Amino acid sequence: MIRRHLLVVFALWAAPGAAIAQDKGQVNVICSVQADWCGMIQTVFTRSTGIRVNLSMRGSGEALAQLTAERANPKTDLWFGGTGDPHLQAAEQDLTLEYRSPALGQLHVWAQQQAAQSRYRTVGIYSGPLGFGYNTELIARKKLPVPRRWADLLDPVYKGEIQVANPASSGTAYTMIATLVQLMGEEKAFEYLKALHKNISQYTRSGTGPIKAVARGETALSISFVHDGPTEAAQGFPVATITPDEGTGAEIGSMSIVKGARNLDNARRLYEWALTAQAQQFGAAARQFQLPSNKATPVDPRVPDFKRIRLIDYDYAKYGSAAERRRLIARWEKDVGALPR
C-alpha cells in the first residue's frame with residue numbers, strides 16, 4: 001500500500017516521460033519523521049534529481065545531540081522533521097545556517113513565524129497537536145473511562161495504563177512539559193507530573209513509542225501527538241485520539257540546513273523541494289497526518305481539525321531556547337524521572 005502511494009505521488013511530481021536523473025552527488029540527512037515518509041523522500045528526490053539521499057533516523061532530541069557532537073566536523077547536511085523546539089535550540093547554538101527560502105510566502109503563517117524567530121535558520125514544514133491516544137478495545141474490556149482532561153490522567157484507575165516518552169530523548173515529551181508549564185504554571189505543572197508518574201508504566205525513548213504500544217494493546221493510553229493515531233488506525237489497529245478540554249500545545253515540525261554542510265548546494269535543493277505542495281503530500285501518502293505547511297498542499301481528511309481543538313498560545317521562542325529546555329528537562333529528571341513507581 002505504501003509503495004502504491006509512493007508511485008502515485010511520484011507521478012504527481014515527475015514530468016511525463018521523465019527519465020531517472022543522472023548522478024549529481026549526495027546529501028546527508030537526519031530524518032526525524034516516520035521511516036515510510038523518510039523513505040519516500042529518499043526515493044523520489046533521488047529519482048527526480050539524481051542526488052543520493054543518505055538517511056540517518058533520529059528522534060528530535062537525539063538529532064540535536066548529534067549535531068552538537070558534530071559541531072567541529074559536521075557530517076550532516078540537512079535535518080528534516082521532528083518537533084520545532086530542538087530546531088530552534090540548534091539555531092540558537094549556531095548549529096544551523098541562515099537561509100531564506102523564496103517559497104516562504106507559500107507557507108502558513110505559523111511556518112513563516114517559525115522561520116522568523118529562528119533568524120531564518122529553520123522553517124516549519126508541518127504542525128500537529130498534542131493529546132491522548134487510547135486503545136478502544138482495551139478501554140472497553142477494562143471498563144476504563146476515556147480521559148477528556150489532563151486532570152483525568154491522575155485517576156488511580158489508570159495506574160500502569162499510561163505511556164509517555166522520556167523528555168531527554170523525545171521532543172514530543174518536551175512539548176508535553178512545556179505545554180503543562182504554560183497551561184498550569186511551573187510549580188503546579190511539576191506537581192501534576194509527579195502525580196502522573198504514579199500512573200506511568202513506561203517512559204519510551206521515542207515520541208511515537210507510546211502510541212505504537214497503545215495500538216498493539218501493550219498499554220491502554222498514551223500522551224502523544226494526535227496525528228499519530230490515524231496512522232495506527234489506518235493499519236487496522238483499534239486506536240482513537242482526543243485532545244484535552246483544558247487546552248493543549250502543538251508542535252511545529254521543522255527543517256534546518258546544518259552549518260558547515262559538506263553538500264550545501266544539494267541541501268538547499270532538497271530544502272526547497274521539501275517545501276513544495278507536491279513533496280508535502282508524502283506525509284499523508286506515508287500515513288502521517290500532520291497539517292502541511294504549504295497552503296496549496298491538499299489536506300487529508302484524517303488530519304486533525306485545528307478549528308475544533310483548544311490550543312494554548314504556545315511560546316515557541318521561550319520554550320525553544322536551549323537554556324529553558326535544559327532547565328526543564330533537568331528538573332523533570334530530578335523531580336519526576338528519579339521517583340520510584
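At what angle do helix α8 and helix α14 pack, and how far apart are their axes?

**View 1. Helix α8 packs on helix α14 in this predicted model.** Residues 186–197 form α8 and residues 322–337 form α14. They pack at about 45 degrees, axes 10 Å apart. The crossing is right-handed. Contact residues (heavy atoms within 4.5 Å) include Phe-190 and Leu-193 of α8 and Leu-328 and Trp-332 of α14. By class, the contact has five nonpolar, two polar and six charged residues.

**View 2. A network of salt bridges links Glu-186, Glu-187, Glu-324, Arg-327, Arg-331, Lys-334 and Asp-335.** A salt bridge is a Lys or Arg side-chain nitrogen within 4 Å of an Asp or Glu carboxyl oxygen. Lys-334 and Asp-335 meet at 3.5 Å, N to O. Lys-334 is exposed at 64% relative accessible area; Asp-335 is buried at 15% (buried, under 20%; exposed, over 50%; partly exposed, in between; 1.4 Å probe, protein chains only).

**View 3. Arg-121 forms a salt bridge with Asp-94.** The closest N and O atoms are 2.6 Å apart. The pair ties together two loops, 27 residues apart in sequence. Arg-121 is buried at 15%; Asp-94 is partly exposed at 30%.

View 4. Glu-232 is buried at 2%, and Lys-212 is partly exposed at 26%.

**Notes.** Residues are numbered from 1 along each chain as its sequence is written. Local features need pLDDT of at least 70, side-chain atom pairs 80 or more, while totals for chains, interfaces and linings use all residues, and side-chain values use heavy atoms, without hydrogens or water.

Terms used:
Axes are lines fitted to C-alpha atoms, for helices over the stretch in contact, and angles run from 0 to 180 degrees between N-to-C directions. Helices (H or I, at least four residues) and strands (E, at least two) are DSSP runs, numbered from the N terminus. A crossing is left-handed if the near helix is turned anticlockwise from the far one by less than a right angle, and right-handed if clockwise. Ala, Val, Leu, Ile, Met, Phe, Trp, Tyr, Cys and Pro count as nonpolar, Asp, Glu, Lys and Arg as charged, and the others, Gly among them, as polar.
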